[in-house]
Amino acid sequence: MADKKNDKKMVEQITSMEVDFAQWYTDIVKKAELADYSSVKGCMIIRPYGYGIWENIQHDLDARFKRLGHENVYMPMFIPESLLQREKDHVEGFAPECAWVTFGGENRLTERLAVRPTSETLFCEHYKKIIQSYRDLPKLYNQWCNVVRWEKTTRPFLRTAEFLWQEGHTMHETEEEAREETLKMLKCYEDFYRDTLAIPAVVGRKTEKEKFAGAIETYTIEPMMHNGVALQGGTSHYFGDGFTKAFDITFTDRENKIRYPHQTSWGVSTRMIGAIIMTHGDDNGLILPPAIAPIQVALIPIAQHKEGVLEAAGALRDKLAEKFRVKLDDSDYSTGWKFSQYEMKGVPVRLEFGPRDIENNCCVLVSRVTREKTVVSLDNIVDEVEAALKRVHDELYQRALDNLKNRTHNALNYQEFLDIAEKQSGFIRAMWCGDTECEEKLKDVTGGVKSRCIPFEEEQLSDTCVCCGKPAKHMVVWGRQY
RNA sequence: CUGGGUGUGGCGCAGUUGGGAGCGCGCUACCUUGGGGUGGUAGAGGCCGCAAGUUCAAGUCUUGUCACUCAGACCA
């Protein structure tokens with residue numbers, strides 16, 4: 001049973017999301033010690049707790065990539081301007097937000113260097129050297145690195161001038177194989193979001209207007225934040241042979257013919273941490289999906305100065321540590337302070353352990369999601385904790401899925417679209433003729449509702465475009481985005 | 001880029017007609033503390049964003065500048 005007086009105090013520390021979602025978000029980032037601002041605009045300091053989340057994400061994803069046959073490499077962080085300019089669409093897309101290096105020490109460089117905003121060009125330059133024969137294909141490379149994009153508006157994790165990510169860049173013998181890779185990696189992201197982050201999402205294909213610079217197809221995973229706003233959670237691109245032609249990457253095929261390989265790229269970034277915060281968090285702070293929580297179990301000793309309490313708690317910690325990331329907090333902060341602290345930091349499961357429990361061979365288990373306290377026996381404590389963590393994951397996923405469903409609305413005509421865009425938050429499903437003009441018009445009249453994607457799971461809501469009334473080609477999911 | 005807001009101990013803020021730089025939290029030491037931010041005593045800590053100007057005197061007035069932040073626009 002939650003104490004009212006105490007609830008009030010918590011709210012004083014963290015702005016309620018109903019009052020001001022943006023402020024709530026910033027409060028969580030700071031109070032949960034995920035990140036801090038730095039002296040360079042748009043660049044953040046990812047603090048140990050936030051970085052710990054990133055490390056767990058990396059670890060999980062990296063294993064998935066490797067199971068699918070990918071290898072990690074590291075490319076330089078500087079791109080000569082001439083190299084960036086090789087592919088026309090690409091440079092037009094990125095040049096406006098590049099950071100440029102013009103000096104090396106005291107000397108002006110003869111050619112300025114872009115700090116990588118993405119590494120397609122670097123990979124292509126390298127691939128040109130190492131791909132000669134069909135026997136050299138496929139090349140399945142990935143790199144974990146930082147990139148820089150000089151953004152005008154920045155927010156911690158969601159949009160920062162420098163961010164951490166992974167970018168996969170692959171080369172294939174045939175179009176079919178490359179297209180298959182593109183979808184395979186999107187599926188990989190989808191699985192990761194669902195099974196590791198407990199975040200449901202809409203997956204599909206970007207419209208022509210929203211595609212990546214230089215891509216033939218861009219696929220995307222679009223989770224919905226708690227307030228109904230979308231976040232582009234990851235993308236997977238099929239490039240065809242556009243870049244390979246621009247970079248003159250060729251190989252000799254099985255019939256001794258010179259051909260261009262087909263290319264893909266795909267990436268996810270530290271933005272996912274923003275997605276975790278905004279999907280799962282509540283007014284008491286962060287809630288972390290157990291799979292990536294730096295601390296899965298917070299063990300709080302009660303009356304720790306009493307004889308034997310810390311020793312018993314230490315033994316319990318050691319037992320749990322064989323299977324979980326557990327922290328025994330024996331600092332001299334008060335128990336109440338500790339409870340609040342670990343809730344704020346989103347630790348999925350808390351154990352309270354004191355003299356009474358020692359006597360009864362049990363401890364008190366508290367879920368971060370429900371905050372319900374249950375007494376569990378120490379005999380099967382590992383199983384109990386494991387089950388509790390699984391429940392947290394499932395509850396988080398279900399809660400987010402309910403939110404996604406509840407905030408998704410169908411619009412059958414223009415007026416309905418406008419009404420929903422104005423009065424509701426969330427996704428709008430509506431038919432579309434395929435013209436960019438209609439996309440732009442809808443965005444303008446609604447003040448920012450854009451096409452998220454053409455989902456894989458389409459439904460024929462009606463026969464005509466919601467905007468112009470011409471025959472519809474696709475169902476599109478629309479929404480505002482971060 | 002456009003518009004709004006804010007710059008004062010680590011954080012959050014107050015500072016009246018221009019004249020003593022303060023409060024809360026946190027921090028340090030000691031004591032206290034049994035199940036939701038425990039209570040007490042003592043203490044440390046400040047180029048008032050930066051620059052110029054007005055004045056006998058500027059945290060306060062003027063001008064400029066920089067930074068951060070929020071909302072838009074932009075975001076391959």
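The centres of domain 1 and domain 2, taken over C-alpha atoms, are separated by 38 Å. In this predicted model, local features need pLDDT of at least 70 and side-chain atom pairs count only at pLDDT 80 or more, while totals for chains, interfaces and linings use all residues. Residues are numbered from 1 along each chain as its sequence is written, and chains are lettered from A and ligands numbered from 1 in the order in which they are written.

Chain A consists of domain 1 (16–280), domain 2 (290–391) and domain 3 (407–479), with bounds from an automatic or database domain assignment. Contact (C-beta atoms, placed from the backbone, within 7 Å) joins 10 residues of domain 1 to 6 residues of domain 2. On the domain 1 side, helix H3 (residues 48–67) gives the most, with 6 residues; helices (H or I, at least four residues) and strands (E, at least two) are DSSP runs, numbered from the N terminus.

Around RNA strand B there are 46 residues, of which Lys41, Ser334, Gly336, Glu352 and Arg356 come nearest. Here a residue is near if its C-beta atom, placed from the backbone, lies within 6 Å of the strand. H11 supplies the largest share of this surface, 8 residues.

In helix H15 (residues 436–446), Cys438, Glu439 and Leu442 are buried, whereas Thr436, Glu437 and Asp444 are exposed on the face turned away from the buried side. Buried means 20 or more other C-beta atoms within 10 Å of the residue's own, exposed 12 or fewer, and partly exposed in between, with C-beta atoms placed from the backbone. Just after H15, Gly447 has a positive phi of about 70 degrees.

Methods: Contact = placed C-beta atoms within 7 Å.
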